[in-house]
Amino acid sequence: MCGIVGFTGMDNAAPNILEGLEKLEYRGYDSAGIAVLNDGIINITKVTGRIAALREKTENGELMPGTTAIGHTRWATHGAPTDTNAHPHLSNDGRFAVVHNGIIENYMELKSKLIESGYIFESETDTEVVVHLLEKYYKGDMHSCIRKIASKLKGSYALGILCTENPNKIFATKQSSPLILGIGAGENYFASDVTALINYTQNVIYLEDGEFAEITPDEIKIFDCAGYEIKKPVSRVNWDIQAAEKGGYEHFMLKEITEQPRAVKATLTPRIKDGKIMLDNLNIELDGISKILITACGSAYYAGCAGKYIIEKLCRIPVELQLASELRYSDPIIDNKTLLIVLSQSGETADTIAAMKECSQRGAKTLAIVNVVGSTIANLADYTLYTHAGPEIAVATTKGYTTQLTVLYLFAVYAAEILGRIEADEYSKLLDDLMSIPKLLQNTMDMNSKIENTAKKYYTSDSMFFIGRNTDYALALEGALKMKEISYIHAESYAAGELKHGTIALISEGTPVIALACNQDIKEKTMSNIVEVKSRGARVLAVSLNDDKNIAMLANDIITVPKFDSPFAPILEIIPLQLMAYYVAKLNGCDIDKPKNLAKSVTVE
Ligand code: F6R
C-alpha cells in the first residue's frame, strides 16, 4: 500500500526516484508524485494515474533538476486518487515536503487544531497534517522537530521528508510501516521495500519503529526515539536484480508462476539434511502446545486452510484458523499453550500484525512464516521461518502461496516426528515426498498450453464456481481468489458437498464449475457432486490426476496433474488454477500484474 522512495547523491535525483517508484508500483498505482529540493526550493510534480504518466510529465525526470528528492506511488485511502491528494504534500510556507505510507489515525483531531492555528489544507488526505506539523514545530532543528511530531501522531507511518533549510539531506522515520535505508557509493536512499533498492545497492539497514534517519550523499545517521545516535547493522540483500525484472515474460505473474519449482526447492532443500528436517533454530516446546491457531489474510489464509489438514493429519494437534482481520476483534480464547502460526508474504500486512500482537498479549507463542527478511512480522514473532520465494512483484501472489504451503508441510512433518506421532519409515517416506515436490511442480507446468487453450472456452463467463472436498476445497478457495482478483470474473469456492444446501440454485445452463477431484480418499463423493451440477446444465472443468478415466468421462474439460501418492499432492493443483486465472484474465485484456483497486502489501487495516 503506497510506496515511498528517497534519493540524495551527486546525480539528478528525479530519474532515480522514477526508477524506484516503478519498482514499487505494485504497492499502489492510482497516483504518484516527486518533490525535488534544488537551490533552496522544493519543486513538486504530481499526476493521477501510473508512474508512466509521471515520467511523461517530467520528461523522464529531466524537468526536475536537483540531487535530493522524495517520491510516492499511491493507493488511495483518504481522498480520491487526484493530483491534489497525491503525495508529496508541501507545507504552506513551502519549506517542507512529505511522502507517507500508512494511516495517521488521529488526523481529524490534528487537522482541526492546525486549521484553528491558521494552516490551510489543500487535500483530503490524512498525510497533510504531517507537513503542517513540521512547519509548526520546526525551530531550526529537524531532530527535535521529528521527535515532537512523532509524539503527536497515532497510527502507522513511514515518512520521507525534505526541508529547504537542510540541503542535500532527506529525513526518514517510521512506525508500524516498513522503511529500508540503502547505502550506495556517494549516494544514499530510502524505500518502502528492497525491490526499489537492489538496482543500486544490496547493502541495507532496516529502520525500526521510533527511529529516524538523516541521510546525506556520504552518510546515513540513525537516531533512536530519544534522539541519541545509534549504530545499526548493515544487512546484505541476497535477491539479485534479475529476480525483480520480468526477464522476457509478458507479466510478472507468469514469470512467478513458472518460478515456483525453484522457489519451493530453495525453501525445502536447505532444511532437509542427512535424512532429517532442520527447521533453522526453531526450539518450540511442542509438547506443551495444546492448540495451533493459524492466522493470515487472503491467499496466505488459504495456504493456512491447506496447512490445517496436513498438520492435523500428521501431528494430531487441533488446528483452528481465523482471518487476521476477524481474529483481532474476536476476544480469542488463547493461552500460553497456544501456538499462533502467522503467514505473510510481505510481513507487513496490517491486519495480520494486529492479530499477532493481540494473541501475543494473551500469551500465545508466535511462529511467523514470512518471505520478506527484516519485515515487521518477522521481527515481532517469537520464531520465524522464511520462505525463500525471492521478490514477488505481481500483486496476485503465486510463489508466495506455494512456498508458504511448503513451510507448513515441513513444519507438519517436523512436529509430527518430534511429538512421536509418526514412525521412522513414514518420516523418511514423507521426506522423499517433500523432496520430489519441485520436480512434480515442474511437470505440472507442462499443462501450460493445454490450459491456455481451455481458458478460451471459459473466459467470457460472468461467474464461476470452484468446488472440492477436504484438501481440494482448500485449494479451490485459492483458485477462486486468483480468478476473481485478476480477471474480475465473479468466482465462488464451495465445499462440494455444501452446494446442494443453497448455492446449487445458481447453477444453470453453461455455468462454469471448476471441480477439483485429486483427493483420492474423497473423490467418489466429489464425482457425485459433479454429476449433480452437470445435470443442472453446468459446464465442468475437472482438475484430476492424470490416470483418472472416470472423471475424464464425466467432465466437459479436464486438466490433469501428475499422480502423487502423498499428503502433499494438493500443492500440485494450484498450478493449473493459477494458469487458468492468468489466461482467462489475459484473454479479457486485464492488467494482470496490477489489478484494479488492489495493491500488494496491505499496510492499512
Ligand atoms: C492475493 C494476495 C493477497 C495476499 C494478502 C496477504 O493474491 O496476494 O490476498 O495474500 O493480502 O498478504 P501477505 O501474505 O503479504 O500478508
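Cysteine 145, at 0% relative accessibility, counts as buried, a term that here means under 20% relative accessible area, with exposed meaning over 50% and partly exposed lying in between (1.4 Å probe, protein chains only). Cysteine 163 is likewise buried, with a relative accessible area of 0%. The sulfur of cysteine 145 has its closest cysteine sulfur in cysteine 163, at 8.1 Å, which is too far for a bond. The structure holds 0 disulfides, a disulfide being a pair of cysteine sulfur atoms within 2.5 Å.

The model is predicted, and local features need pLDDT of at least 70, side-chain atom pairs count only at pLDDT 80 or more, and totals for chains, interfaces and linings use all residues. Residues are numbered from 1 along each chain as its sequence is written, and side-chain values use heavy atoms, with hydrogens and water left out.

Seen as a whole, the chain contains 18 helices and 27 strands, where helices (H or I, at least four residues) and strands (E, at least two) are DSSP runs numbered from the N terminus. Its radius of gyration, 25 Å, is close to the 25 Å that the globule rule gives for 605 residues, so the chain is as compact as a globular protein of that length; the radius is taken over C-alpha atoms, and the rule is 2.2 Å times the number of residues to the power 0.38. The C-alpha trace spans about 75 × 50 × 45 Å along its principal axes. Of the 605 residues, 61% count as buried, and among contacts (heavy atoms within 4.5 Å) with a separation of 6 or more, 73% are accounted for by residues 24 or more positions apart.

Helix H4, residues 128–137, is mostly covered, with 8 of its 10 residues buried. The buried residues of H4 are Glu128, Val129, Val130, Val131, His132, Leu133, Leu134 and Glu135. Their cover includes strand E5 (89–90), strand E6 (96–104), helix H3 (107–116), helix H5 (142–152) and strand E7 (155–163).

The peptide bond that runs from histidine 87 to proline 88 is cis, with omega near 0°.

Threonine 201 has its place in the loop between strand E10 (188–191) and strand E11 (203–206), and at 7% relative accessibility threonine 201 counts as buried. Leaving aside residues up to four places away in sequence, threonine 201 touches Gly182, Ile183 and Tyr189. The C-alpha atoms of threonine 201 and glycine 182, 19 residues apart along the chain, are separated by 6.4 Å.

Two asparagines complete the tour of the loops. Most residues other than glycine have a negative phi, and most peptide bonds are trans. Asparagine 168, in the loop between E7 and strand E8 (170–175), has a positive phi near 65°, and at 38% relative accessibility this residue counts as partly exposed. Asparagine 470 also has a positive phi, near 55°; its place is in the loop between strand E23 (463–468) and helix H15 (471–487), and asparagine 470 is partly exposed, with a relative accessible area of 34%.
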